[in-house]
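Good morning. I will show one structure and talk through a few points on it. Please keep the picture in view while I speak.

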Amino acid sequence: MRLDSARADRITAVVLIAMGLVMLWAGYTMDRLEIRRIHPSSIPGLVPMMLGVGICICAVFLFLGARDPDDPPPAASWRNMLIAGVWSGLFALLMVGNLPFYAATAIYVAGFVIIFDTGLPPVKRAVIGCVFGILAAGIIGALFRYAFLVRLP
Amino acid sequence: MTGFANFGAALWELATFTTLFHVTWATLLGIFVGSLPGLTATMGVALLTTLTYTMDRDAAILVLLCMYVGAIYGGSRSAILLNIPGTPASAATALDGFPLAQQGRAGYAMGLATAGSAFGTLIGIILLVMLAPPLAEAALKFGSYEFFWLALFGIVISGQLTGGSSPLKGYIAGMLGLMVAMVGSDGIHSHVRLTGGWGELNGGIGLIPAMVGAFGFAEVLSVMWQSVPQMANGKSKGSSLPALVDLWRYRLTIVRSGVIGTLVGIIPGVGEDIGAWASYAAARRKSPERDQFGKGSTEGLTAAETGNSAVVPGALIPALTLAVPGSAPAAVLIAALFIHGIRPGPMIMLEAPTFIYSVAAMMVFATIAIGVFGVALTPLFIQVLRIPRAWLMPVVFTLCVIGPYALTQRIFDIWVMVAFGIIGFLMRQMNYPVAPLVLGIILGDLLDKSLRRGLILSDGDVTAFFTRPISAGFAIIIATSIILSIGPVRRFVAARNPFTRKARG
């Protein structure tokens, strides 16, 4: 399914309506701080309630006006995107914080080059990827650690 | 005239070796970022912001402005050589730049683009010096009612103009940004809202991690999603110095595009791409060679490049005086200004009276740098465009990870970056503009506080929002914009618009 199709817009509209209703409910049930004797017009839930209503109205129009695009789908690789997304997610959410930053970055960059630089023979790619990964990790890490005095994760 | 005297003094004060050093590397980096498809000006400014934490204020702002000016200009390189705009701002440039490159005039096209960008930025700087101080003074008269409408105006106009054929998606993106801004401690009573008991969210969602994710990680995913771009005509033939006679012939186009670009820049959250298209359309309407537009027109190329570059100083006018960004990179600049101890907004002329002139002077240095590098380093940038994405993207993503972390030293901000990266990618795929989302995050607090403060002042009477002249003006413009964006109304108006009819007929 294309993500800019009418079906995708309708599904999004339903999700947005659900979000809008949650926002409206959260704003309505939010503490009105009567104990602090605030002005009733300044309750913290006022704008969330308005946004909840607003997003629901927009979502209804989105649902009713959903239309398939006229242009053909662009040439694209979902596989490449998913692999890059998962590998990057692993680096950001698992490796960083659990491994020393230099090691995590070197593994990530080397892995990325090995996976995607398909123009080179496998052995050469692995060697170049590892060298590039170590260099990139060293330069980026040193830049933040010594030039910008950041305590690396 | 005092304004220009202050501007001259700022130029003199900045003319030091340190300034030139920062201008050189930051503008080069900006051109590099802008010229690579997949790296945008917003992403460049956001990532560089994370590298400026330890710099002194003026040096930090200088390098960010050089990055911004350089990246918007740099987008023309790949637009001309590859028919792939390096940044969205250069989409109009590709229309005439690429046909010129195919005719073997790539060097000349890049030279003309350089001249157009330099003149556009200079026109914008002159207007910045002229308009920003009086605007800041006028903004001192703004109260809660006016600021509420101003914030809403920014969201609506940005949503409408960046949403393209579907303003509704622009509005939705803006509202999602406002919803994000509601998370955390509220600005009046410090009541913690919508955190679901998650302590990390008490301070709200950070703008820098959100922007780095929405523009950085989302770009990485988008680049990996696209098919590999092919070099269409990498050989630069001909001189990269534009002929003075051509520039003189297009003097009116340059001035007109510069003014249009600056005015587009002043409109909140609209950005460089709209500035380029508006200038291009105006040039086409006025040109005696309009049939050449789209086929390699040097006038079209000049108009587009002048227009997008003029947006840069234009976008800083509301950013500095109202704290409302004129474009997405200007939004990051606002965050950077706060980090470095400058509070943009109506008080800027009282708290830092010479700062606006310093900003204008910094942009002059950046403009000179793009002029020099644009002409001298054309062959180098052709090589830069050959860097494989498999090498570039992991480095970009590593910077996306470490940049937001460096500001707060919280792993949580890396999660926020990743979440906004996925959201940003999905929004692009579904044709939702990302700029209104960011504008919503920035303006959410202003909108929320102004609405509730206004209601307290009027004792709950909403008519106070419609009876003051500026508020009423904003309300009318917003209502008209929304009504005109409704499909049947838009078609009805277009059918009766003499310009539209003429174009069709």
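In which helix of chain B is B:Ala304 found? The model here is a predicted one, and in it B:Ala304 belongs to helix α13 of chain B, residues 298-322.

Next, is B:Ala304 buried or exposed? There are 38 other C-beta atoms within 10 Å of B:Ala304, and the cut-off for buried is 20 or more, so this residue counts as buried.

Now its contacts. Leaving out residues up to four places away in sequence, B:Ala304 touches B:Ala92, B:Thr93, B:Ala276, B:Ser279 and B:Tyr280. For a distance, take B:Val438: from C-alpha to C-alpha, B:Ala304 and B:Val438 are 25 Å apart in space, and 134 residues separate them in sequence.

On to the two chains together. Between them, 56 residues of chain A are in contact with 51 residues of chain B. On the chain B side, the elements that contribute two or more residues are α8 (167-181), α9 (207-225), α18 (389-408), α19 (411-429) and α20 (435-457). Which of them gives the largest share? That is α18(B), with twelve residues. By residue type, the side of chain B that touches chain A has 37 nonpolar, ten polar and four charged residues.

Last, chain A by itself. Its domain assignment lists domain 1 as 6-64 and domain 2 as 78-147. How many Å separate the centres of domain 1 and domain 2 of chain A? Taken over C-alpha atoms, the separation is 41 Å.

That is the end of my part.

Key
Residues numbered from 1 in each chain as written. Chains lettered and ligands numbered in written order. Predicted model: local features only at pLDDT ≥ 70, side-chain atom pairs only at ≥ 80, totals over all residues. Domains from an automatic or database assignment. Contact = placed C-beta atoms within 7 Å. Helix = DSSP H or I, 4+ residues; strand = E, 2+ residues; numbered from the N terminus. Nonpolar A, V, L, I, M, F, W, Y, C, P; charged D, E, K, R; others polar. Buried ≥ 20, exposed ≤ 12 C-beta atoms within 10 Å, placed from the backbone.
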